[in-house]
Amino acid sequence: MTNPDAKAIHLKQAISQYGVPSILLADDSLTQQFVIKAVLQNAGFNVDCVDDGEKALAQIKHKKYDIVLMDVQMPILDGISATQQIRQQFSFDALPIIALTGDAELDDQSPALCALFNAFLLKPVDSKDLIDGILALWSPQTETSTILHQQTAVVSDNPNLVNSIVQLAQHPSFDLSGGVYEWVGEEAYLRVLNAFIRVYKPYVVAVKTGRQQALTRAEQHRFFHKLKGAAANIGAIELLKVVEYVELGGDTSFNDICNELNRVINMLEPLALSNKK
């Protein structure tokens, strides 16, 4: 087994040899942005974030990137359409692009998709696979051994925050073991929780006040797609189960999902408020 310290040294040597890699992340999920950015920054990479394909195209025009992480499903301009335009200017070798998708049914063996993307990662993205994938494309000459989370997580010196997250991890509705929290540390995980609340609380409020308009089938699919990834990122396993049940054709309603979402937000808000500096 490779020594963890040797892996950290290996990454530092690669950065010293090739320079700090510049990553563009295109994803309209704020929680996913926070997670991926925290993981990569803690590993020593530079990361810029945009939330749709048009903004990704604009960024690439005025800044050089080593790798693009492209969410397939985005508003305004989706990831596949954006990548088709990028490939008119940049080849595989000139600009590697990794597709991020929450759709397990996406055919990543399709010749059309393989002609666009260098690699595919299923969301919620596994931190180990993410770093290994970037290393494989960014510096092919280097060994793509995994950098363990002990080298990337930043431990907080705020005892209240640490204790609060320990209590959250003990709740049966949450499972933080082996996931995002262990990769990014307490402070970054709290930012992910705050992002989750900011994004999804308006949905709950709208349902409660009767201001939630009926969603089309496509809008519901998109909502469930994003919520499932966000729930997995924060370790909200009960919420994740409810969303997956609906996606499999279960009879749970949109209101039922919002009730579970509201329960999760009510659990998280005291933690977020009590640890604000």
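This is a predicted model: local features need pLDDT of at least 70, side-chain atom pairs count only at pLDDT 80 or more; totals for chains, interfaces and linings use all residues.
Is Glu260 buried or exposed? With a relative accessible area of 14%, Glu260 is buried, because buried means under 20%. Which residues does Glu260 touch once its neighbours within four places in sequence are left aside? The contacts are Glu238, Leu239 and Val242. One of these, Glu238, is 22 residues away from Glu260 in sequence, and the C-alpha to C-alpha distance between them is 8.1 Å.

## The overall picture

Zooming out, the protein has twelve helices and five strands. It has 277 residues, and 48% of them count as buried. Take the contacts with a separation of 6 or more: 69% of those are between residues 24 or more positions apart.

Now for some of the pairings one by one. Strand 1 (residues 22-26) is joined to strand 2 (residues 46-50) by five bridges, and the two run parallel. If you want a spot to look at, Ile23 has Val47 as its bridge partner in strand 2. Strand 3 (residues 67-71) and strand 4 also run parallel, joined by four bridges. Here Val68 has Ile97 of strand 4 as its bridge partner. On to strand 4 and strand 5, which pair in the parallel sense over four bridges; Ala99 has Phe120 as its bridge partner in strand 5.

## Two covered strands

In a regular strand, side chains alternate between the two faces of the sheet. So what happens on each side of strand 1 and strand 4? Strand 1 is mostly covered, with five of its five residues buried. Ser22, Leu24 and Ala26 point one way, Ile23 and Leu25 point the other way, and all are buried.

Strand 4 (residues 97-101) is mostly covered too, again with five of its five residues buried. Both of its faces are covered: Ile97, Ala99 and Thr101 are buried on one side, and Ile98 and Leu100 are buried on the other. Two residues from the pairings above turn up here, Ile97 as the partner of Val68 and Ala99 as the partner of Phe120.

| Helix pair | Packing angle | Axis separation |
|---|---|---|
| Helix 10 (residues 217-234) and helix 12 (residues 254-274) | about 30° | 13 Å |
| Helix 3 (residues 53-62) and helix 4 (residues 79-86) | about 25° | 9 Å |

How do helix 3 and helix 4 sit relative to each other? Their angle of about 25° makes helix 3 roughly parallel to helix 4. The crossing of helix 3 and helix 4 is right-handed. Helix 3 brings Gly53, Leu57 and Ile60 to the contact, where they meet Ala82, Gln85 and Ile86 of helix 4. Sorted by class, that contact has four nonpolar residues, two polar ones and no charged ones.

Helix 10 and helix 12 are packed at about 30°, and are therefore roughly parallel to each other. Helix 10 passes helix 12 in a left-handed crossing. On the helix 10 side, the contact uses Phe223, Phe224, Leu227 and Ile234, while helix 12 supplies Phe254, Ile257, Leu261, Val264 and Leu268. What is the class make-up of this contact? It has nine nonpolar residues, with no polar and no charged ones.

Glu260 itself is buried, and its contacts beyond four places in sequence are Glu238, Leu239 and Val242.

Note on methods. Residues are numbered from 1 along each chain as its sequence is written. Side-chain values use heavy atoms; hydrogens and water are left out. Axes are lines fitted to C-alpha atoms, for helices over the stretch in contact, and angles run from 0 to 180 degrees between N-to-C directions. Angles under 35 degrees count as roughly parallel, over 145 as roughly antiparallel, 65 to 115 as roughly perpendicular and the rest as oblique. A crossing is left-handed if the near helix is turned anticlockwise from the far one by less than a right angle, and right-handed if clockwise. Contact means heavy atoms within 4.5 Å. Ala, Val, Leu, Ile, Met, Phe, Trp, Tyr, Cys and Pro count as nonpolar, Asp, Glu, Lys and Arg as charged, and the others, Gly among them, as polar. Buried means under 20% relative accessible area, exposed over 50%, partly exposed in between (1.4 Å probe, protein chains only). Two strands pair if DSSP finds at least two bridges between them.
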